[in-house]
Amino acid sequence: MVASLRRSRRWRAQYRVSRSGPRHAAHEGFETVPHPGSVTAVDNSLSPHGGRLIERIATAQEIRAKWPRGLRALPHLDVRDQLAYECVNIAYGFFSPLTGFMGHADVDAVVRHMTLASGYIWSMPIVLDLSQAAVDRLGVKPGDALLLTYQQQPLAVLEVEEIYAYDKTFLAQQIYGTTDPAHPGVARTAAYADRFLAGPLTLVNPPRINPPFDRFWLTPRQMRQAFAQRDWAAVAAFQTRNVPHSGHEWMMKGAWLAASADGVLVNAVIGAKKLGDYIDEAIVLAHERLREDGFFRQDVHMTSTLLWDMRYAGPKEAVFHALVRKNLGCTHHMFGRDHAGVGSYYDTYAAHRIFDNLPDLGIKSVLTLEWWYCPKCAGVAYEGLCGHQEHKQDLSGTLIRSIIQGGIEPAPLTLRAEVLQVVRACAATYGFGSPFVTEQYLRERAPVLSMPAMDAP
Ligand SMILES: [Zn+2]
C-alpha cells in the first residue's frame, strides 16, 4: 500500500532533486538492516566520502625505504583486469574512504547494513579473491606484503592483514537481491575464489592510460582541480555505458536545469565487456562529440571515464555510483529508469527509492523519468510532460542499434547525425569494423592500461 502510493507519486514527479537529512539505512527487498548505532555516528555528507581523499601512491624513495630488499623479493601475484582497475581506484581515492581491499568486518557490514564497519554508507564489496591453493603456494599470511603485478610489471603492494572466507551465496543475495546464476553480478560473485585477502594497498607503479582514453581519465584530485578551473560549484554526474541518443542528451540537459548545475560530467564506465556492448572508444568519443559540436556549450560539459566492471546491482550500484562521483567532486547524480539494472531483476525505479532511506550522502540525486521521441510534440519529449503517450516512440537500445547498423534511417532527433558519424568512425578505427563488441575486439583490442616497465627494486 505504502509502496504503491509512493510509486504513483513518483510517477507524476518531475525531475526531482533529493532532499537531505539523516535517516536510517534500510532498503526494501534486500533485508538490509540498520547498522547498530554507527551510521548515526559518522557524517556521510562529508566530501570526499569519509572526509579525506585517499591517495596511496609511493615514490621511488618511499618504496626503497619501505621494502629495502626490493619489490621483486616480495611474493607476487599477477592480477586480472578487474583487480588492476580496483587497485588504481583505491590508490587514487575513487573509492575513498577505502584504503585497500576490504576485510571481513567491512564486507559483512556492506552485506548486512550497506555501510562500512565504521558506519559510512557503502554498497559494493571491494575484495581481492584468491584460492587457498594460491595462498599456500605464495606462502602469504597476515603481516606479509604481497606484490600485485599486472601485465608482468609491479602495480601495487598489498599489506596483508587478513585472509578469510565469506559466504558468497549470502553476499550475492544481499547485494543483488537474487542468487540466480543468470544474473551477471551473481555469476561474478560465484566465480570468486574461496579466500579474500584484505589490507591497505599502495600503488608502486602508476599505469599509463592509453589513447583515446588518456585525455578522459582524471584522478579525483585532478577532477576536482578541473572543476575549480571551470568555476563549477555544482556538477551533475551522468553514468553511462552507452553511445548517447537524444534521450540521454535531454536527460543530461534536464538534470542540468533541475539541479541549477554549472556543469555536466559524463562518467563512462570502462571495464569488462559483453558481446554486443558498445565498444568503449565509441562511448567516450560520441559523448565528447556532443560538446565538440556545441550540443552542450564548451563550458558546461565534460566527458570522463571510470575504470570499473559493471556489477548490474541496480539500486545498490546506484548508491555506489553516487559515492564514487561524490569522490570526484560532483554535487549531483542523475538516475533514470532501471539504473544499473539488468533483465527484470529490479523494479524500474528501485534505484530512485533506495535513496529515500539513506542519510545525507553529500551528493544529491536527480531522479528522472523517461525521455522518448514524440511525433506529436515533434521532438524529444519527457514522460512527465508529454501527453501523447500512445504515440511515443521509445528511444530503446534496439532501435538505436538498428539505426547504427544501417537498418533504418534515424528519425529526426533520435540519434544525432554527428554521433552516428563518430560511432561509425570508431567502428573502423577501434572496433574491427563494428561499433559493438565482437570476439575479435575482446581478443585484439588495445589495452586500456599499460604498465610501464619497472626495473628492480
Ligand atoms: Zn508529445
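## Confidence of the model

The chain of this predicted model has an average pLDDT of 91, and 91% of its residues score at least 70; pLDDT is the predictor's confidence in each residue, from 0 to 100. Residues 1–13 have a pLDDT below 50, and this stretch has 14 contacts in the model beyond near neighbours in sequence. Contact here means heavy atoms within 4.5 Å. Over residues 20–30 the pLDDT also stays under 50, and the model has 37 contacts for them beyond four places in sequence. Where pLDDT is low, the predicted coordinates should not be read in detail.

Residues are numbered from 1 along each chain as its sequence is written, and side-chain values use heavy atoms, with hydrogens and water left out. As this is a predicted model, local features need pLDDT of at least 70 and side-chain atom pairs count only at pLDDT 80 or more, while totals for chains, interfaces and linings use all residues.

## The zinc site

The zinc ion has as its protein donors Cys-374 (SG), Cys-377 (SG), Cys-386 (SG) and His-388 (ND1), at 2.1 to 2.3 Å. Donors are N, O and S atoms within 2.8 Å of the metal (3.2 Å for Na, K and Ca); water is not among the atoms, so sites may look incomplete. The angles among the 4 donor atoms run from 98 to 119°, and the site is tetrahedral. Four donors count as tetrahedral if all angles lie between 85 and 135 degrees. The ideal angle for four tetrahedral donors is 109.5 degrees.

Along the sequence, the donor residues follow the spacing C-x2-C-x8-C-x1-H. Cys-377 is in the loop between β15 (371–374) and β16 (379–382), and His-388 is in the loop between β16 and β17 (393–394), 11 residues apart. Helices (H or I, at least four residues) and strands (E, at least two) are DSSP runs, numbered from the N terminus. Cys-374 is buried, with a relative accessible area of 0%, whereas Cys-377 is partly exposed at 40% and His-388 is partly exposed at 26%. Buried means under 20% relative accessible area, exposed over 50%, and partly exposed in between (1.4 Å probe, protein chains only).

## Cysteines and disulfides

The whole structure contains 0 disulfides, a disulfide being a pair of cysteine sulfur atoms within 2.5 Å. Cys-330 is buried, at 2% relative accessibility.

## Helices α4 and α6

Helix α6 covers residues 168–176, and its buried residues are Leu-171, Ala-172, Gln-174, Ile-175 and Tyr-176. Their cover includes α4 (104–113), α7 (184–191) and α11 (315–327). At the start of α6, a side-chain oxygen of Asp-167 comes within 3.0 Å of the backbone nitrogen of Thr-169. After α6 comes Gly-177, with a positive phi near 70°.

In α4, the residues Val-107, Asp-108, Ala-109, Val-110, Val-111 and His-113 are buried. The cover of these buried residues includes β7 (162–164) and α6. Met-114 follows α4 and has a positive phi, near 60°. Asp-106 also belongs to helix α4 and is partly exposed, at 23% relative accessibility. Leaving out residues up to four places away in sequence, Asp-106 touches Thr-115, Leu-116, Ala-117 and Ser-118. Its C-alpha atom is separated by 30 Å from that of Ala-65, 41 residues apart along the chain.

Gln-82 sits in helix α3 (residues 81–92) and is buried, with a relative accessible area of 5%. Its side chain joins that of Arg-80 in a polar contact of 3.1 Å. A polar contact is a pair of N or O atoms within 3.5 Å; within protein, one must be able to donate a hydrogen and the other to accept it, and residues adjacent in sequence count only if both atoms are side-chain atoms. Not counting residues up to four places away in sequence, Gln-82 touches Arg-188, Tyr-192, Asp-309 and Arg-311.

Ser-450 lies in strand β18 (residues 449–450) and is buried at 14%. The side chains of Ser-450 and Asn-210 make a polar contact of 2.8 Å. Val-266, in strand β11 (residues 263–270), is buried with a relative accessible area of 0%. Beyond its neighbours within four places in sequence, Val-266 has contacts including Phe-238, Met-252, His-287 and Ser-304.

Methods:
Four donors count as tetrahedral if all angles lie between 85 and 135 degrees; four count as square planar and six as octahedral if opposite donors are over 155 degrees apart and all others between 65 and 115; anything else is irregular.
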